[in-house]
Amino acid sequence: MASISVQSNDFDISEEIVALKKGNNEVGAIVTFTGTVRDVGGTLKTMTLEHYPGMTEKELERIAAVAEARWPLLGCRIIHRYGALKPGDNIVLVVTLSAHRGAAFKAAEFLMDYLKSNAPFWKKEQTGKDNSWVSSKQSDASALDKWEK
Amino acid sequence: MLIKYFSWIREGVGKAEESLAKPSSVTTVSDLLDHLSGVSEQHSVALKERVFIKVAVNQVHAGHDAVIGDEDEIAIFPPVTGG
């Protein structure tokens with residue numbers, strides 16, 4: 001059963017790994033993915049993440065359950081932040097544990113691909129001059145194709 | 001029914017949610033979008049580009065052809081951009 005958090009506060013990757021792995025010495029592989037706020041042109045002041053409370057948690061739990069049914073995971077943790085973030089801040093964390101690396105690597109990538117296309121979050125970028133909602137990318141939708149089999 | 005709006009659709013409509021008694025003309029999400037588009041100029045503009053409009057019915061992703069009822073929570077939003 002995956003552990004899901006949708007929160008405004010930051011997370012500590014080391015603490016999350018320790019808490020997830022605790023007491024489980026069958027674990028032989030730990031994969032983590034962290035997504036952070038990018039500032040490509042040096043103009044970003046704030047990135048604000050809006051989400052749909054209630055549906056967000058349900059959707060992340062649904063995606064995690066699919067991953068757990070597909071790969072032999074020994075642990076799964078997803079944290080996604082919302083609210084006003086600054087360049088360099090953490091946005092999302094996925095941690096997967098398994099006996100061997102293959103399952104943990106694949107499940108982490110799967111979780112991120114599905115999260116990007118299904119979890120109800122919307123990013124708004126605020127520069128000094130204007131505010132604009134980030135557009136969805138076709139590459140994110142295409143990333144799902146490789147899992148459809 | 002409870003209608004919720006997110007992101008630029010919320011800003012365009014000018015409110016985060018509104019309650020509505022299901023009109024007799026509304027059977028599907030698509031019918032609801034047609035109905036809401038007639039509510040105000042802001043609704044009409046915000047809901048114009050149907051290809052960019054995603055929907056969830058009772059917090060589960062749904063298509064524009066989904067059948068909806070008076071007790072449903074319908075969320076209307078652009079494609080998601082989390083992660």
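Biologist: What is the count of salt bridges between chain A and chain B?

Modeller: This is a predicted model. Between chain A and chain B, the count of salt bridges is two.

Biologist: Which side chain of chain A meets B:E11 in a salt bridge, and at what N to O distance?

Modeller: The cut-off for a salt bridge is 4 Å. Here nitrogen and oxygen lie 2.5 Å apart. The partner of B:E11 is A:K124.

Biologist: Which element gives the most residues to the side of chain A that touches chain B?

Modeller: Several elements of chain A give two or more residues to that side, among them β3 (44-51), α2 (55-70) and β7 (121-127). Another of them is α3 (101-118). With five residues, the top contributor is α3(A).

Biologist: How many nonpolar residues does that side of chain A have?

Modeller: In all, 26 residues of chain A are in contact with 21 residues of chain B. On the chain A side, six are charged and seven are polar. The nonpolar residues number 13.

Biologist: How much area do chain A and chain B bury between them, and which residues of chain A lose the most?

Modeller: The two chains bury about 1,800 Å², with 55% of it on carbon and sulfur atoms. Three residues together make up 37% of what the chain A side buries. They are A:Y52, A:W122 and A:W133.

Biologist: Which residue caps the N-terminal end of helix α1 of chain A?

Modeller: Helix α1 covers residues 13-21. The capping side-chain oxygen lies 2.9 Å from the backbone nitrogen of A:S14. That oxygen belongs to A:D12.

Biologist: Which residue with a positive phi follows α1(A)?

Modeller: Its phi is near 75°. The residue is A:G23.

Key: Residues numbered from 1 in each chain as written. Chains lettered and ligands numbered in written order. Predicted model: local features only at pLDDT ≥ 70, side-chain atom pairs only at ≥ 80, totals over all residues. Heavy atoms only, no water. Contact = heavy atoms within 4.5 Å. Buried area = accessible area lost by both parts, 1.4 Å probe. Helix = DSSP H or I, 4+ residues; strand = E, 2+ residues; numbered from the N terminus. Nonpolar A, V, L, I, M, F, W, Y, C, P; charged D, E, K, R; others polar. Polar contact = N/O pair within 3.5 Å; in protein donor to acceptor, adjacent residues only side chain to side chain.
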